[in-house]
Every structure is written in structure tokens, then in C-alpha cells.
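Subject: Salt bridges in the structure

Hello,

Here is the structure you asked for. Please open it and read the notes below alongside it.

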Amino acid sequence: MNWSTRSSLVKKLSSLCLAAALTAASWASAPEPAAARVDKSFGAPIDLGAPIESVAIYNASFGKENGRDVMYTTTSGKPAMFHVVDLISKEVLGKYPLPGSDAVWTHLTMPDGTVYIGGSGGGGSLYAYSPAAKQVTTIGSIGESVAYGLSHDERGRVYFGTYPNAKVGRYDPATGVLEDLGTAAPGQSYVRDTAYLNGYLYAGIGIQGSLVKIDVETGVKETISLPTYDGAVQTADVYQLDAAGKYVVAGLGGGNRALLFYDTETQTWADRYFLDNKGIQLSQGLPGTNTAYFVQNNRLMEIDLSTLEATDTGVTYGTFLRNTAWIAVPNDPDLPGLSLATVTFGGAVAYLNLETKTAKSFTYPVSGNPIPIQTLEKGPDGKLYMSGYPGGRGAVYDPAANAMTMFPLGQAEGMGSLGNKLYLGVYSGAVLYELDVTQPLVEHVNPKLLYDIPEEDRPFAMVSGEEKLFVGTIPDYGVLGGALTVYDPRSGAEPTVYKNVVPNQSIVGLAVRGGKLYGSTTVHGGLGIDPTEPAAKLFVWDIAAGEKIAEFVPNIPGVTVQPRMIGALSFGPDGLLWGATDGTIFAVHPDTLEVVKSRNIYPTVANYGRWRPAYIRWGQDGLMYTTLAGKLTVIDPRDLDAVTLGTTPLMTLGDDGHIYYAEGTQLKKIEVGPGTGELPVLVDLPVPNGNFDEPLTADGSIPGWRSIFTITPNVSYGVSTERYASAPASLKLTDASINETVAMMSQSVPVVGGVEYAANLKLYLESGRTLAVLRFYDAAGKQIDETSLQIQTGHGAWQTLEMKKVAPPGAASAAVILFCSRSWMTTAYYDDVSLSYTVKVTPSGLLERIDEYAAAGELAHETAMQLRNAVSQALHHRDDGRMEQAAKHLQDAEKHLAGAKAGDASEAARAFLERAFAAFIEDWSL
């Protein structure tokens, strides 16, 4: 989280701002009172530690070092940590960080002992471990996110698949060349595994499953469709791929998890197949046998590769088979001879012995790493519950005791409370667990499995109301249209699932009020499929009737692009339904379903997020605490004044009123305290002729503005009375060519470095799209920084826009530029362009400002004394809690200032104090 403190401007900066105001005195406008504001103090972040440490292992390979059996595996974390483990002594012989990767899905031990490692994150790098040199080197990346499914050919060349573009990579250790062999299946996302056999590489494809056969010398590809066996096999992504005998064996990752056999000699699928396969890799039989092993219905099965007949070995094994090896465990009567060894997700090694029909696990000292916090929510007991990424462990933090406790938990995407129960929505799939917060945490007991929502994924949205739990989900891979699941614990029945509630959209926000459920959506579905709908929606659900009664795209003033995801929904203390999209916060009247308040707090943010919603929480102080646009933001709902505290996707409020948030692996806290009573006072620096109402000059130019590109018959600008936000005129920009540009630049306005400035303007976008820029210059007129706003929505109506930017050090002036740029054809009208900045003033700071103006000669002595006396009386009443009397004395100060002669108060002093008095009068009168 990037921390920035919020405080009133220091005196030196205040005087600089005052100087800027004096410079612009002739432009000062009539006062507009400030309304409510975020008046709280926020402490520096407190690091509470990494709550979740997990041994999360997806894969391992085996080998020998100095004649001893060893396992090569990697624990997930930041960074992922590669381990070399002696299987017999149970010692960790070496640990090596994998820079840039947070997990590993594939390891491959080569005949010469070299171990290749495929990384996840940081570009999906390929690494190599040398047992001789005892070191790991980074080979490189082909620009993908994940490297999957390592295999090799007889020349020692190493192959791997990737995500998200379903590519194949090849590394030749003889030449040191890493090659991108291109996309195996255009339009798909995964090559989840590879297998090499007799001159061909086979790639297992997802999201829509198939095999791709690749000639490794010519690169010629052939797609092999998956068989369905007259509907007996439910096709899905190819999750595992192995060469066994003459077969390429494909395990499917979904449906009924079929294990299929492709005969490379006949180039057909074999007649035999098996369902309910529970493996990540097929296990090869003992040397000299023509067998292989897989797990079906928690039993280890032996396949005769000559006949494809499967026999139950009598060994029970309840989890996934990863890479395996035949290992001799000395001095253990349960494990005579050779046992089939495989690593488990939690870092243990399981040994499966065919002679004694025993499965026996041993814990090894692989060290866990802190893993990123995936979900953070306050439970009904006031404790904070968290899940991690990748799943395997969760944590609970007790703020009262300052104590952390870890417990087994998958990757929960959402959490919601009902009574004394906390419900956890776990990925993969959409599996609901129920945790009774009044009972101890016990694995497989509390939390307990409640329900697996069929054909759904990633349950981000969870809320309770009307004594029911409501869950919104993303659909499965390659599918559009999420579900609403309703659970009534009183009924004793399974939850009810309503599919595709909003056609082709997923549900990411939920709120309950008055027998109705209000929902919001994202246009995105599962991975591997593009959205078909142009805009996110809100919907209303009748809880008693179990049906949708309204669905609509909200008209949200201030948004710059059509929202594709509307995240958080929450009812505020004002009874309004609040929502968030991109950088905009908005409120809907629950009866009329009209947007009655909105503010684009972060106008440069567009198309933010895919599934994870912003979160909205309400403090006892009536303020909104939210992760709008991934920024920790505190908002006063009365006037939408906001303060940004930093960056995070996850936060909640504790019962103590403090903010708790996630920063990667760390849980952090910001203590919230009482405010200083300061108020924001807006100082206008109007752009000369910002309303375009002044008469044109003799040569037809617009006063205060100049064109910065050559004007041709295809592009034009001018003052127009066709449309205006304020009468009688506006600026009209016309661009009828995609190869030319028209842009108007305002006269520069003096600014001071380190101060945040806001450019406000009105826009009527008739067609196309347009761009507004706030640009800063140094004293020599050199451009040193800028911020911009591209607008492509809101056609056919006047809209209010705002750009904010802190002037960089050395800034001396700023200008606003209005564009219709190259590649666009546009007709746009601009009006009421202005610049402003805000000064924070405490009640006692009013007296300081009066004294500063008097010392600068901006207030006559008698006027300053009148104002000082009135303000002092106001402060006395305010300190004693008599707010009505305090406001009346400030009204007296207003009257004294209004009655002052022109020479007794400068325009700058008059404008600033009028604003400040009005702001405090309004605030104290609330």
C-alpha cells in the first residue's frame, strides 16, 4: 500500500498557496460554501505480520544425489522456494529462491540429473537446477504468465506449455536457445501439459479440451478432438498428459474426469477409458513391466498397457497423484521393497506399497512461505478471517488479543456472515463451507463442507438478509452467465441455485433491504471466453417470490467509459443503495432505481477489474470506507468528499473502528481517530474566458485560448451558440478526419509545486470521443508533467468532468488542453473550464489567516479586528459545544466582511475568507 498522510497544509505551503491566490486575485469568483468533509485522523500503517504461512506444493520430481534418493519440489510464496530433500534422512539439502515466481506446477528430472522447473508469475520463467553445481539458474521466459507440463525428447530438448495464450516453448541445453514455438490452439488459453513420443509433441489444450500433435522438426500441427463415447465422457480441458507405451494418456480436468488413451500407432482413441480419475500425472510401473497407475474412487489402480485392463491394487489413497517414483524405504515393515512415492499438497510424501497394500505418509521439513492474502472479512465474533493464495491455509486474527491463528482452508474468494456462522466460498469451483465462530477450529469439522454449487466458479459475492444467505458466482471455464444461490439454514434443505440470472453476466455485488435483493454484475464470465454484453447491470430480486423483478443499466453521471463491472453494493445509513465502478462511487434510490448521487473520484481509471468487486464498509462515524479502484478511500456520503489513504484490493473495519487491510502477504492496520475540525476551502483559479463568452478578437481568435495544431478543412474550432452549459456560448471542436488533430490550449494559470490542482469542465459529446489534458510547465515554459482524461461515453448530454493532479516540484504554471485527436472523428462542445485547489483550514486557522492577510496588507486594521473578534467569539462557543451560537458569530464575521470597503479587503482575501466562513457555518449548522 502506498501511504500518504492527510493533514492540513504546513504554514510554508499555506503561504505559497496564498501567494498563488493573490496572483490570481483578479480571477477570484464568488464564494461557494463547502459542505461536509472527511474529518478524521489516520495513523501511519501498523504491520501486524504475515498471517498465513503455507506449504503449498503442486508438483515434484525425483532423482539421486550422491547415490541417495532425493525429491525436488517447490513451495509457493513470494518468491517460490525450490527444495532439494533427502527422502531417507528427511533432511533439506538445499533451498533456492525462484525470482519472479510465486508457484511451480511442473518439475522435470532429466537423465543427466538436471532438474527443470516451470514458474508461475513473473513471465512464467523456466529455471534449471544443477545437482553438480548445487545452484539454480534462470533460463528465461517466452512472455507468458505460467509454464506448465515439462517433457523432453531423446535429444534432451525440453518442452513446456503456457497460459494465457496456449503456447509451446522449447529449450535446447546444447545450444542454450529458448524458443517460442507459437500458439498451439488459437483462441484457447492453456497448454496445461505436454508429452513427447516418437518425434511428436502432444499438447493438452484448455479451456475447450483437445490434443494438438506437433511435429517437433517441421512445426506442423494437427488437432485431435476428444472422444465422448456416445455421451459417456464429459469433455473438458486436458489437465494431464503422459506418454505410456504406445499411448498418449490424457486426463480431463472437469466433467466426470475421464482418463483417455490415444493410440499413436493407429492414430485413434482406444475403446477403453476410465472415469473419476484423480491424478495430475500418470504413474509409470516398475522397470521391466508394461504397467501404469492412477487413482480412481480413492483406490490405486494398475493398468496393463497391453490390454488397458485395470486392476484394483487394494491400496487406498484419497488425494491426487502427482509425479511419482519407486523408492526403497529402509527398515520399515509396512513398506517392503519398492514403494510408489508421491508428494502431497501440504509437503508430505506418501508411499504406496503394493505388497502390504499400505499408504503411509511422512512429513518432511520443507519450509512454508508467507502467502498473499486473498480474502479479508470480519466475522460475527469481531475477529478477522482471511484466506490465502494459493489455497491450503487460512487465518483468523483477534484484534482484542492481537493474536493470529492459522487453520486449513482452501482459496476462499468471498465470505459472509449469518448469525454465528461465517460462510466461506472456496475456489476451485464454488464450494461453500460453514464455520461456527462459537466453536473451536477443527480440520474437516469446523469449518465444514456445506454445498458445492454445480457448474459455478469463484463465489466473490456473499451477503445475508431475511435470515438467508445469498451467493453470487462466476460461471465455470469457457461459460458466460453466473448464478445466484440462496441458502435458508432453517429449512434444512440444500441451497437453491438460479442460473444465468442476468443473461451472460456474472454476479459480483449483493445487498438486501425490505424483502428485496439488489445485485450488480460484471460482463465477464469464466476464463477462456470473451464477454458478449456491452455494459454491467443492476438487478432486483424478489426474495419471497424467488424471481427477478428488475434489470437495468444504470445511468451514472461522471463515468468516462461504460462500466463493464459494477462491484460492491451496500446500503448506507442514509437508506441509499451505494455502488462502485471503476473510479466512480454512486448511490441509487432503492424505490425509483435512479442514480441520485455520484462522483468520479478517480477519473483516469477505466475498465478496472474483472471479478473481484470493490468493498464498501460503513463506520460508526457515518463515513464510507472502500477499496474503490483498488485504492483505500474514505468518503463522506453527504457530499462525496474523499481522502485516499493508499492502494489495496482488500480491507475491512474492525469493531474497534480501525481499518484493516492486506498488502500482499501482510495484514496491516490504520488507526482511525478524531479529526482536527479542519475544513476544505476551495480556491478558484478560473481559466481566462473559461466559459467562452468573451467576444472574439479582431482576427477571429478566441480570447484566452490558442490552437496548437494546423487547421484544415477537415478540422475546426470556434465559439458556438448551438449548445452551452452556461449561456450564451461554448467551444465547439470538429474533427472529420482520422489523420488530423484539433486542440485548443488555455492561457497559463500560475501554480505552485506540491499543491493538488483540479481542472473542472463541462462537455457535450455529440459524436466520437475526446480528450482533456491538465498540463504543468516550469518557469521556462517547459512541460514537466500532465494528467489526461479520455471521454468516450455520455453522448448527447452535458457532463461534468474533473481532472486532479499534484503539481510537480518546479511547476510554475498550468494549462488545460481540449483535444479531438488523430484516429478519432469527433464533434464535441466544451464549457465552464476552471482550475482550483483546496486549502485545509482548522477553526483556529481562521484567526491565522486573518492575521496573515492583515500582515500582508490585504486587510485593513479595523476590518481585521472586527473579523478577529467575531471569529474568536465563534470559537469560544464552538469549544463549549454551542454550535448554533458559533455559527451565528461567523455569520457576523460574514457581515463585517461584506460591509468592508473595496480598499479594506483585497479580492483574494475577501474571496478566501468568504469561502472559509461559509464552509464552517454550513458544517456547524448540520
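Does Glu217 count as buried or exposed? At 53% relative accessibility, Glu217 counts as exposed. Buried means under 20% relative accessible area, exposed means over 50%, and partly exposed is in between (1.4 Å probe, protein chains only).

Some ground rules. This is a predicted model, where local features need pLDDT of at least 70, side-chain atom pairs count only at pLDDT 80 or more, and totals for chains, interfaces and linings use all residues. Residues are numbered from 1 along each chain as its sequence is written, and side-chain values use heavy atoms, with hydrogens and water left out.

Now the salt bridges. A salt bridge is a side-chain nitrogen of Lys or Arg within 4 Å of a carboxyl oxygen of Asp or Glu. Searching the whole structure gives 40 of them.

Start with Arg157. Its side chain meets that of Glu217 in a salt bridge (2.7 Å, N to O). This pair links distant parts of the chain, 60 residues apart. Arg157 also has a salt bridge with Asp153, at 2.8 Å, N to O. Arg157 is buried, at 5% relative accessible area. Asp153 is buried too, at 2%.

Next, Glu802 and Arg599. Their closest N and O atoms are 3.7 Å apart, in a salt bridge. Glu802 lies in strand S70 and Arg599 in strand S52, so the pair ties together parts 203 residues apart in sequence. Strands here are DSSP runs (E, at least two residues), numbered from the N terminus. Glu802 is partly exposed, at 21%. Arg599 counts as buried, at 19%.

Best wishes

Notes
Helices (H or I, at least four residues) and strands (E, at least two) are DSSP runs, numbered from the N terminus.
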